[in-house]
Amino acid sequence: MLPHPPASAIRVAYLIASVLFILGIKMLSSPRSARRGNTLAAAGMLLALIATLLDREIVSYGTILAGVVVGGVIGTIAARRVAMTAMPQMVALFNGSGGGAAAIVSSLEYLRFARADLPVPPVMSVTILVGALIGAISFTGSIVAFGKLQGLVTERAVTYPLQKPLNLALFVAIVGIGAWLVWTGQPNPTVYAWFAGLSLLFGVLFVIPIGGGDMPVVISLLNSFTGLATAATGFSLHNHVLIISGTLVGASGTLLTYLMCKAMNRPITNVLFGAFGAVKAGGPKGAARPDVAEGKQVRDVSVEDVATMLAYARRVIIIPGYGLAVAQAQHGVRELAELLKSRGVEVKYAIHPVAGRMPGHMNVLLAEANVPYEELYDLDAINPEFDETDVALVIGANDVVNPAARSDPGSPIYGMPILDADKAQHIVIMKRSMKPGFAGIENELFYDPKAMMLFGDAKDSISKLTAAVKSV
């Protein structure tokens with residue numbers, strides 16, 4: 001057993017760890033400092049772990065070491081092997097693991113009272129139950145989000161009759177059981193098991209009716225849940241660093257959720273309870289050329305024509321989307337942009353807040369390819385520039401450039417702020433097919449007289465474009 005340091009030393013260690021967490025989160029706001037921010041936050045976590053191990057009566061250091069080794073190996077392999085397209089799934093799994101850990105710790109703390117046959121103080125009971133409830137919802141909800149993103153569960157919103165009343169009744173039952181446990185004060189493992197089991201079930205039913213297009217918001221919200229569960233666990237264990245770190249995660253996740261809902265011009269209640277995408281609107285379902293069926297015309301364009309257009313343009317705005325991540329074409333895009341800039345073309349990247357499958361997906365994708373951060377512009381900053389842009393190059397983006405968000409009150413995305421690609425002089429859209437995006441609706445931009453479709457794999461098309469520009 002390791003010697004216990006003075007209590008004041010433990011508190012100072014926790015304080016330093018908390019400061020490192022705050023500085024780390026602050027540095028994540030810029031790609032230039034993100035690596036240092038991650039390092040500082042990791043150092044804070046290591047310090048907090050060491051302080052906790054020295055502060056507590058540890059039953060088996062060997063078991064803890066084994067867990068650290070196994071978890072470290074799994075985390076390292078997963079982080080190194082995961083593709084950028086699967087990054088949202090990994091985030092969902094890691095977030096779910098945090099929520100599950102908080103629920104397990106809360107449950108063990110409750111069982112500790114049961115084994116000792118001691119009454120649970122009301123405040124302690126509330127913090128334990130809150131930690132278990134929110135942690136369980138975060139765990140199973142994140143698993144469902146992972147399944148939707150991975151394609152193991154349908155990406156569509158799953159609805160059924162009386163869904164909302166049944167979910168409400170289930171939540172009321174959970175709260176009722178929890179209130180009974182607090183009121184009686186006597187630990188009851190059987191009733192607690194029902195409480196935990198229903199909480200896990202509610203996490204599944206909470207996320208399953210949400211469409212895959214809203215998963216970025218859901219992941220952010222579940223992340224805030226994990227933080228709140230961690231903070232509640234910190235109150236149960238009287239651990240200050242858990243309270244602080246959990247509060248930080250909960251607050252940042254909540255703020256990010258709010259900002260993403262604002263970017264979509266949809267309240268959080270609509271995201272969670274609107275069953276967005278439950279019914280697929282009419283339109284093409286992946287056909288390469290729906291011209292005859294829809295009575296509309298799309299204009300194909302050759303690589304050579306696009307290369308000439310880009311080479312002689314003054315301003316080009318590149319709009320990346322999930323298709324860019326699928327094709328792993330970010331390095332090719334950077335190479336093409338560098339080539340255009342060497343010819344005197346002004347190149348910028350337009351980043352929609354909810355492009356991709358998780359918050360900041362496009363930023364991370366382009367940062368991986370060493371695209372200068374100064375060339376990335378958010379929606380509000382870049383939209384006024386489309387009027388004076390020669391070519392808007394849309395790579396794998398769909399709903400975030402769909403003019404129906406402005407013009408069609410019946411569209412499910414009506415009112416969502418979009419990138420004004422249709423205001424550019426020329427629009428080149430790179431896609432594999434005419435398949436709609438996550439919203440499941442037809443993109444009016446495809447039929448714009450100024451729009452040209454360059455069909456094919458984005459990585460291959462970008463490579464051919466780069467070679468063609470060099471020969472112009």
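Buried means under 20% relative accessible area, exposed means over 50%, and partly exposed is in between (1.4 Å probe, protein chains only). Keep in mind that this is a predicted model: local features need pLDDT of at least 70, side-chain atom pairs count only at pLDDT 80 or more, and totals for chains, interfaces and linings use all residues. Residues are numbered from 1 along each chain as its sequence is written, and side-chain values use heavy atoms, with hydrogens and water left out.

Next, salt bridges: a side-chain nitrogen of Lys or Arg within 4 Å of a carboxyl oxygen of Asp or Glu. The structure holds 14 of them.

Stay on α18 and pick Lys-470. Its salt-bridge partner is Glu-335, with the closest N and O atoms 3.9 Å apart. This pair links distant parts of the chain, since Glu-335 sits in α14, 135 residues away. Lys-470 is exposed at 55%, while Glu-335 is partly exposed at 41%.

Also in α18, Asp-460 and Lys-464 are four residues apart, about one helical turn. They form a salt bridge, closest N and O atoms 3.1 Å apart.

Hop over to helix α4 (residues 87–116), where Arg-112 and Glu-109 lie three residues apart. Their closest N and O atoms are 2.7 Å apart in a salt bridge. Glu-109 is buried at 11%, whereas Arg-112 is partly exposed at 42%.

Last stop: select Arg-315, Glu-346, Lys-348, Glu-385 and Glu-388, which a network of salt bridges links together.

Methods
Helix = DSSP H or I, 4+ residues; strand = E, 2+ residues; numbered from the N terminus.
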